[in-house]
Amino acid sequence: MTGTYLNHSRPLLNRLSWLRTSQGFLNAVVHVPATRWVVFKEGQPLLQSHTNASSKSLARLTTSDVRPLLGAEPFFSQGQQEGELAPANVPRLDAARLRGPPIVFLGLHEAEGDASAALPSSDFSAKASAETVLAHIKGTPYFSLDVSGVVQAEVDRVLHGSAAVKETGAELAFTDPKAAMGSFDAFEGALFAEARSMTDWNARNKFCPSCGSPVYSLWAGWKLSCSSLLPWADNAGKKPCTTAQGLHNFEHPRTDAVVVMAVVDESGDKILLGRNKPWPQKFWSCLSGFLEPGESFEDAVKRELWEEAGVKVWNVRYHSTLPWPFPSTLLTGFYATASSSEPLRTDLDNELEDARWYTRDEILQVLNQATQESASVAPPINIPPPTMPAGVLIREWAHGGADGELGASGKREDTWTKAF
């Protein structure tokens, strides 16, 4: 079984990670006319809509739009004094941003047919001049900007003066991120997942976990470093920070893995669903849980199902994954097999309010009623939408698949490609 088909068409950015230390490229690509900015405030994305339009999309502002918010140049590799470019060949200052609102270089969206054309080579690398690199750029460079620390009046002034508002009459508003996701297409979903995860990571981590000093941004938002390691830092009377040497995971973005399990009985005709105590009434879903240190994914599946429902499972099969930027999680779907004749227990970790087996006919009835707008009777239970991993697994199983085969409908459930 392959586990990538639900994500294979998900359009991603070419992240150009080897250029995150290139101040020449970064400071120059900001000014490329095609460059666009995704803006966040307190974790909420800036969305764009038009009067009488039902759908909303991520606002993608130009550099001219956001320039008043960015602060003094250089934007990256900032020196000790404002306006000063840091000396070259100082690793602790590689694309450092010491002042101004947080910025992250997200990558390049290449035109269809040119995917990954911007590959490392002798004429496209961190060692090449900015002019040479920019000459090979084909597509739309993307940055994220976090304005959480900017005075609201200044943010409002900039947004009201943006090209989207002045030229097209668009309405711009910061919106609850989970509510916003329902209107995103596949590309916006991928862009949003990366941008929000990175914005959140930079916002949450403000101090060095080793010595407590403030941290600052390196590598265009992709690395954090202890401020005690700045070349001009006054460390008189202080012990050296242990992060001065070696590799330290706090310096780099993290992703937390969650296993999402569709447990099917030996007959293949029943699926195990559970209800968490805080969930809305009548809402049921697949069981899930975080991967713990020292575990494989398969181990986590077995442990979580035993802890939450007292179920012993076998035949654990990987399905597919979905990035979930709340704050930075990788939802990983699995199928597993268990006996529906064994008793269920929810009193081990007391996380679930209830767990029970549902037949395929029961789930199909729920799905059919949910899709019939004229249905006079509400479904007996609610299950996750097809924009969520559990919703995909449940629907695929209900239509006849449990290992990625075509379901009874004759077509594969492809809803994870529309995940946002």
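A crossing of two helices is called left-handed if the near helix is turned anticlockwise from the far one by less than a right angle, and right-handed if it is turned clockwise. The legends below concern a predicted model, in which local features need pLDDT of at least 70 and side-chain atom pairs count only at pLDDT 80 or more, while totals for chains, interfaces and linings use all residues. Residues are numbered from 1 along each chain as its sequence is written, and side-chain values use heavy atoms, with hydrogens and water left out.

**View 1. Overview of the chain.** The chain has 10 helices and 15 strands, where helices (H or I, at least four residues) and strands (E, at least two) are DSSP runs numbered from the N terminus. Of its 420 residues, 49% count as buried, a term that means under 20% relative accessible area, with exposed meaning over 50% and partly exposed in between (1.4 Å probe, protein chains only). Among contacts (heavy atoms within 4.5 Å) between residues at least 6 apart in sequence, 69% join residues at least 24 apart.

**View 2. Helices α9 and α10 where they cross.** The axes of α9 (residues 360-371) and α10 (residues 389-398) come within 9 Å and cross at roughly 115°; such axes are lines fitted to C-alpha atoms, for helices over the stretch in contact, and the angles run from 0 to 180 degrees between N-to-C directions. In this crossing α9 passes α10 in the left-handed sense. On the α9 side, Arg360, Ile363, Leu364 and Leu367 meet Ile394, Arg395, Trp397 and Ala398 of α10. By class, this contact has 6 nonpolar, no polar and 2 charged residues, given that Ala, Val, Leu, Ile, Met, Phe, Trp, Tyr, Cys and Pro count as nonpolar, Asp, Glu, Lys and Arg as charged, and the others, Gly among them, as polar.

**View 3. The surroundings of helix α10.** Helix α10 is mostly covered, with 10 of its 10 residues buried; among them are Pro389, Gly391, Glu396 and Trp397. The buried residues of α10 pack against the strands β10 (256-265), β11 (270-276), β13 (313-324), β14 (329-338) and β15 (352-359), as well as against α9. Just after α10, glycine 400 takes a positive phi of about 110°.

**View 4. Leucine 273 and its contacts.** Leucine 273 has its place in strand β11 and, at 0% relative accessibility, counts as buried. Leaving aside neighbours within four places in sequence, leucine 273 is in contact with Trp284, Ser285, Cys286, Leu287, Ala355, Arg356, Tyr358, Ile363, Ile381, Ile383 and Ile394. The C-alpha atoms of leucine 273 and alanine 309 are separated by 9.7 Å, these two residues being 36 residues apart along the chain.

**View 5. The buried side of helix α2.** In α2 (residues 63-70), the residues Thr63, Asp65, Val66, Leu69 and Leu70 are buried. These residues lie on the same side of α2 because they cover an arc of only 140° around the axis, the arc being that of the directions from the helix axis to the C-beta atoms. The elements that they pack against are β1 (36-41), β4 (61-62), β5 (103-109), β6 (140-146), α4 (152-160) and α5 (163-168). Just after α2, glycine 71 takes a positive phi of about 85°.

**View 6. Two cis peptide bonds in loops.** A cis peptide bond joins glutamate 73 and proline 74, with omega of about 0°, and proline 74 has its place in the loop between α2 and β5. The peptide bond from phenylalanine 326 to proline 327 is also cis, with omega near -5°; here the proline lies in the loop between β13 and β14.

**View 7. Positive phi outside glycine.** Glutamate 42, found in the loop between β1 and β2 (44-49), has a phi near 50°, a positive value in a residue other than glycine. At 60% relative accessibility, glutamate 42 counts as exposed. Tryptophan 219 has a positive phi of about 55° although it is not a glycine, and its place is in the loop between β8 (215-218) and β9 (223-226). At 26% relative accessibility, tryptophan 219 counts as partly exposed.

**View 8. Cysteine 208 and cysteine 241.** With a disulfide taken as a pair of cysteine sulfur atoms within 2.5 Å, the count comes to 0 disulfides. Cysteine 208 is in no disulfide, and the nearest cysteine sulfur, that of cysteine 241, is 3.6 Å away, which is too far for a bond. Cysteine 208 is buried, with a relative accessible area of 4%, and cysteine 241, at 8% relative accessibility, counts as buried.
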